Amino acid sequence: MRLTLKTLCASVIQSTLLYITPAAHASEVEVLHWWTSAGEAKAASVLRAGIEQRGHQWRDFAVGGQAGISAMNTLRIRAISGNPPLAAQIKGPEITEWARLGFLRNLNDIAEAEHWEDKIPAPLRDVMQYQGDYVAAPINIHRVNWLWINLRAFKDAGAAIPHDFESFFTAADKLQQAGYIPLALGGEPWQVATLFDTLALSVMGPEHYQQAFLDFDREALLSDGVTKSFSLLAKMRPYTDSDNLGRNWSDTTRLLIDNRAGMQVMGDWAKGEFLAANQQEGKNFTCVAVPGTEQAFSYNIDSFVFFKPNNAEERQSQTDMAEYLLTPQFQRDFNRYKGSLPIRLDIPLPNGDTCAEKSRQAFLYAEQHNTLSPSMSHGLSTTRYVQSAIFDVINEFFYNPKQTPEEATQALYRAILSAQA
Ligand code: GAL
């Protein structure tokens with residue numbers, strides 16, 4: 001048999017099918033997600049419990065790493081081989097890509113029956129829809145532009161909690177002198193990009209940031225604002241540790257928990273790690289907005305899609321899961337562990353959780369003042385193709401001190417242009 005593309009694909013599909021898993025059994029809900037850290041796993045267990053309480057079998061399909069990039073690569077293989085899971089964590093514009101290819105179940109019947117239009121904040125509905133139909137269920141609101149503070153290190157170093165970048169670098173110097181890693185940064189492209197993303201939001205402001213990283217406007221991308229954001233990123237370099245290459249985000253948060261580092265810029269899934277380690281807000285750690293972003297809200301929304309079911313039982317198990325996701329019980333319990341806000345603004349927040357209170361106030365303010373910003377680094381503003389092109393430029397710059405912020409600005413514009421082509 002001549003090796004042709006056709007036969008090659010057939011053999012790849014054949015081997016992938018054999019390799020991955022047998023077909024899912026009826027009422028067994030196989031859920032693909034990337035929640036593998038301590039706090040994430042605790043939150044995922046709320047989802048599992050709810051599905052089992054509804055008489056279904058949970059099949060965990062956790063693919064950790066790279067904030068979902070590994071999970072999406074695995075999902076593509078499963079989908080191409082005609083064996084996707086019943087449900088998968090997919091976010092942002094990527095939802096539209098899967099819907100356009102015809103993989104996703106229409107959820108309008110559930111959305112109507114469960115009054116999603118009353119429960120999902122208006123600015124967050126469109127991204128869950130394809131051509132006006134619901135194809136994804138949102139479950140939370142993560143704020144990305146947080147600076148996490150290890151209070152013990154700050155006390156020991158005699159440092160003050162920063163409110164602008166001048167006081168940030170003053171604190172960083174004091175932490176360094178006291179023997180702490182001032183800024184814990186994990187050496188993965190998405191983590192460096194998350195730092196850059198929040199610095200750009202601070203330097204450019206929500207409106208200009210969105211012109212650059214949502215609309216990809218040429219002038220905004222080539223503006224001083226982007227160059228200054230790269231300069232600020234460069235200033236962070238000496239405050240990070242050299243052992244960070246490949247270190248995942250939760251091991252990086254661990255550096256604060258273990259009192260070895262003073263600060264971390266990360267979305268509030270980091271709070272889930274502090275809480276899973278029994279750390280107390282206000283005693284061991286606290287949260288402030290990345291300096292200059294107090295009135296901005298860079299959002300990351302986790303959501304589930306459902307692949308077209310093969311039979312009535314699969315369909316029913318999907319319906320039960322989708323309905324469960326916006327119940328008060330799931331919204332309250334999942335988000336308490338996850339560190340995010342409930343997507344439903346009518347759900348009370350845990351007592352004494354000041355970071356959650358701050359986040360909700362910031363969300364309501366940003367919603368009112370139109371400063372809600374879909375996060376570029378977490379896939380809410382663009383597709384993975386454009387995002388990974390941006391990640392490459394940011395990381396090339398961060399690890400190559402010879403490149404100037406001006407050169408990086410030019411490189412970023414060219415990279416986006418070719419990724420969009
Ligand atoms: C994000 C995801 C969050 C959090 C984070 C780190 O992409 O939306 O829920 O889990 O990755 O894994």
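## Burial and overall form

Of the 421 residues in the chain of this predicted model, 58% are buried, where buried means under 20% relative accessible area, exposed means over 50%, and partly exposed covers what lies in between, with a 1.4 Å probe and protein chains only. The radius of gyration, which is taken over C-alpha atoms, is 22 Å, and this agrees with the value near 22 Å that a compact globule of 421 residues would have; the globule rule behind that comparison is 2.2 Å times the number of residues to the power 0.38. Along its principal axes, the C-alpha trace spans about 60 × 55 × 40 Å.

Because the model is predicted, local features need pLDDT of at least 70 and side-chain atom pairs count only at pLDDT 80 or more, while totals for chains, interfaces and linings use all residues. Residues are numbered from 1 along each chain as its sequence is written, and side-chain values use heavy atoms, with hydrogens and water left out.

## Secondary structure, contacts and surface

The chain holds 18 helices and 15 strands, which are DSSP runs numbered from the N terminus, a helix being H or I with at least four residues and a strand being E with at least two. Contact here means heavy atoms within 4.5 Å, and among contacts between residues at least 6 apart in sequence, 76% join residues at least 24 apart.

The accessible surface of the chain comes to about 17200 Å², and 51% of it belongs to carbon and sulfur atoms; such areas come from the Shrake-Rupley method with a 1.4 Å probe, and for residues only the protein chains shown count as cover. There are 37 positive and 47 negative side chains, and the centres of these two sets lie 4 Å apart. In that count Lys and Arg are positive and Asp and Glu are negative, whereas His and the chain ends are not counted, and the place of a charge is taken as NZ of Lys, CZ of Arg, CG of Asp or CD of Glu.

## The disulfide

A disulfide is a covalent bond between the sulfur atoms of two cysteines. With a disulfide taken as a pair of cysteine sulfur atoms within 2.5 Å, a search of the whole structure finds one, and it joins Cys 287 to Cys 355 with an S to S distance of 2.1 Å. The pair links distant parts of the chain, since Cys 287 lies in strand β11 (residues 285-289) and Cys 355 in helix α16 (residues 354-368), 68 residues apart.

Both Cys 287 and Cys 355 are buried. The torsion about their S-S bond is about -120°, so the disulfide of Cys 287 and Cys 355 is left-handed.

Not counting residues up to four places away in sequence, Thr 409 touches Leu 221, Leu 222, Ser 223, Val 226, Thr 227 and Phe 230. With neighbours within four places likewise left aside, Pro 405 is in contact with Thr 227, Phe 230, Ser 231 and Phe 397. Pro 405 and Lys 228 are 177 residues apart in sequence, yet their C-alpha atoms are 7.3 Å apart in space.

Ile 141 belongs to strand β7 (residues 140-143) and is buried, with a relative accessible area of 0%. Beyond the residues up to four places away in sequence, Ile 141 touches a set that includes Pro 121, Leu 124, Phe 297, Ile 301, Pro 342 and Phe 363. Its C-alpha atom is separated by 27 Å from that of Gln 316, which is 175 residues away along the chain.

Six of the eight residues of helix α13 (residues 269-276) are buried, so this helix is largely enclosed by the rest of the structure. The buried residues of α13 are Trp 269, Ala 270, Lys 271, Gly 272, Glu 273 and Phe 274. Just after α13, Asn 278 takes a positive phi of about 55°.

## Positive phi in two loops

Gln 66 has a positive phi of about 55° although it is not a glycine; Gln 66 is placed in the loop between β2 (57-62) and α3 (69-80) and is partly exposed, with a relative accessible area of 27%. Asn 259, again not a glycine, has a positive phi of about 60°. Asn 259 sits in the loop between α12 (249-257) and β10 (261-265), and at 25% relative accessibility it counts as partly exposed.
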